[in-house]
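Please keep the model open while reading.

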Amino acid sequence: MSTSLLGGRYKLGEMIGTGGMADVYVAEDTRLARSVAIKVLRSDLARDPSFVARFRKEALAAAGLNHPGIVAVYDSGEDPAPYIVMELVSGHTLRELIHKGERISLKRALAIGEGILAALEYSHERGIVHRDIKPANIMITDQGDVKVMDFGIARALADLGATLTNTWNIVGTAQYLSPEQALGEVADLRSDIYSTGCVLYEVLTGKPPFTGDTPVSIAYQHVSGKLITPSVLQPDLPPGVDVILAVALAKKVEDRYQSAGLMLDDLFKISAGQALSTKAPRAKISRRKILISALSSLLAISLIATGLILTRPSEDATTFPQIPNVVGLTEAEARVLLLDYVVTITRAPDAQIPKDRVASQIPLATVRAQKGSGVVLTLSDGPGDSIVPGDLVGMSLVDARAALSAVGLLIARTEAVPSDEPQGTVLKVTPEGGSTITAGSGVILQIANGEIEVPELIGVDAIQAKTLLAQVGFLVNEIQAFDENLPLGVVIRQAPDPGTTQTIGKSVTITINTAP
């Protein structure tokens, strides 16, 4: 396999997104000559065999979802790291649209809810529960269509118990967690309905149903907090909206819509100006029971957040213990949970994590490690400035991201350019090394896409020639001509000439001998 192609087939281009789980790239499918999006899992998650196994299984399941409201999954693989190949959608995430601050019209908001629910109705009928419905996983295309994405990754994370136990940097996700997910319980299709209710609430009112400074405080509100009626925030909403969201956001799963189709039907009625027959659930327990339930929930959530409740061991887990999650704790609290490990402390600014609390840990809590091994904790210096590392040029993309993360910075995007350096090598950093920028912000990395030699193709069978070009990372531009002195179906001319160098991803033109 050529090292320039992912899975021997996909030529990675510009990075168009990065997150807690994976980096997303524009890529060229060299076999089908089409553009795709590829999500490559982070190296630390890729080292967890149980995660990879579930990711593989669910990526295959998601690939079987063929619906216009679901971002199509074309392929998946693990060479050299686990990845999924998806439909490349031109548009923006719902999260980006919400963060613009412009109020979305009632008609458009209902259409977005309808699009999400139509996709979920289809996936639920096929036994696939998303488990991570949130604005960042909803695409709005340039044509205005709604597409739900990340079914495979969401399920793989959920099977690892990745709710509050995974990372403190989950405030965005915590705003859309169902009560049962907040408590670490099993999520089913009604959990997707609750999360959809959270998204629709925010689209209609401009605010999530519950907010807070920490994931724990937000999760507590999902379990026991009182929902502000949407029409209190937006008095011009139709009365039926209050009912729909009260049912979708019911604390008890049995009080919610029992299928996406039922909620979808009510949204259609609102859009058509019709009255609803659905009734909002009523509380049926005493104040004393509410207090007991709230205290029990708070205790459970606190235990989850401090890593004292561990996720269930997977069937293929090693004998090593799972590293406790200490992100969000003080150094003293973290050391108590990490008594069996050698702890190294570093510090860096962080725009989200409170000062003197653990902002990140390496390895992550999803990793199993032998007692006595090392754990590096980065304590937050609170919001402030960070200095761009001065030694990023020459690093690999993976190493550069780790170095940036250590000082509280991110990769905003990458730009691939021709170079004789190894593919993926960092060539330039913007802002340049030594610059002071706001903690939590991103830098632009210019990386080498590589120059390789054009192979000799004259006289080679057309199919073999196209295969050779694809394997080394070139696109193929095919034209036809006739030469009676050479066999039909072979290459009779090529440009550039064999032996010359060309940037990976550029086109090589081959002329195929074809009978007139």
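Which residues in H11 are buried? They are Gly240, Val241, Asp242, Ile244, Leu245, Val247 and Ala248.

## Overview

The model is predicted. The protein has 16 helices and 21 strands. Of its 516 residues, 49% count as buried. Take the contacts between residues at least 6 apart in sequence: 68% of these join residues at least 24 apart.

## Helix H11

H11 spans residues 239-248. Seven of its ten residues are buried, so H11 is largely enclosed by the rest of the structure. The cover over those buried residues includes H8, H12 and helix H10 (230-233).

## H4 against H8

Helix H4 runs over residues 106-125, and helix H8 over residues 189-205. They pack at an angle of about 165°, with axes 10 Å apart. The pair is therefore roughly antiparallel. The crossing is right-handed.

On the H4 side, the contact is made by Leu106, Ala109, Gly113, Ile116, Leu117, Leu120 and His124. H8 supplies Leu189, Asp192, Thr196, Val199, Leu200, Val203 and Leu204. By class, this contact has ten nonpolar, three polar and one charged residues. An α-helix has 3.6 residues a turn, so residues three or four places apart point the same way.

## H4 against H12

H4 also packs on H12, at an angle of about 155° with axes 9 Å apart. Why does this pair count as roughly antiparallel? The cut-off is over 145 degrees, so H4 is roughly antiparallel to H12. This crossing is left-handed.

From H4, the contact takes in Leu110, Gly113, Glu114, Leu117, Ala118, Leu120, Glu121 and His124. From H12 come Ala260, Gly261, Met263, Leu264, Leu267, Phe268, Ile270 and Ser271. The class count is ten nonpolar, four polar and two charged residues.

## Nonpolar cores

Which residues touch the most other members of the largest nonpolar core? Of its 46 residues, Leu94, Ile116, Phe151 and Met263 do.

Leaving out residues up to four places away in sequence, Phe151 touches Ala62, Leu65, Ile70, Leu120, Ser123, Ile128 and His130.

## Asp255 in the loop

Where does Asp255 lie? It sits in the loop between H11 and H12. Its relative accessibility is 31%, so Asp255 counts as partly exposed.

Beyond residues up to four places away in sequence, Asp255 touches Val247, Ala250 and Pro281. Val247 is one of the buried residues of H11. Asp255 and Arg282 are 27 residues apart in sequence. In space they are 8.9 Å apart, C-alpha to C-alpha.

Methods: Residues are numbered from 1 along each chain as its sequence is written. This is a predicted model: local features need pLDDT of at least 70, side-chain atom pairs count only at pLDDT 80 or more; totals for chains, interfaces and linings use all residues. Side-chain values use heavy atoms; hydrogens and water are left out. Axes are lines fitted to C-alpha atoms, for helices over the stretch in contact, and angles run from 0 to 180 degrees between N-to-C directions. Helices (H or I, at least four residues) and strands (E, at least two) are DSSP runs, numbered from the N terminus. Angles under 35 degrees count as roughly parallel, over 145 as roughly antiparallel, 65 to 115 as roughly perpendicular and the rest as oblique. A crossing is left-handed if the near helix is turned anticlockwise from the far one by less than a right angle, and right-handed if clockwise. Contact means heavy atoms within 4.5 Å. Ala, Val, Leu, Ile, Met, Phe, Trp, Tyr, Cys and Pro count as nonpolar, Asp, Glu, Lys and Arg as charged, and the others, Gly among them, as polar. A nonpolar core is a set of buried Ala, Val, Leu, Ile, Met, Phe, Trp, Tyr and Cys residues joined through side-chain atoms within 4.5 Å. Buried means under 20% relative accessible area, exposed over 50%, partly exposed in between (1.4 Å probe, protein chains only).
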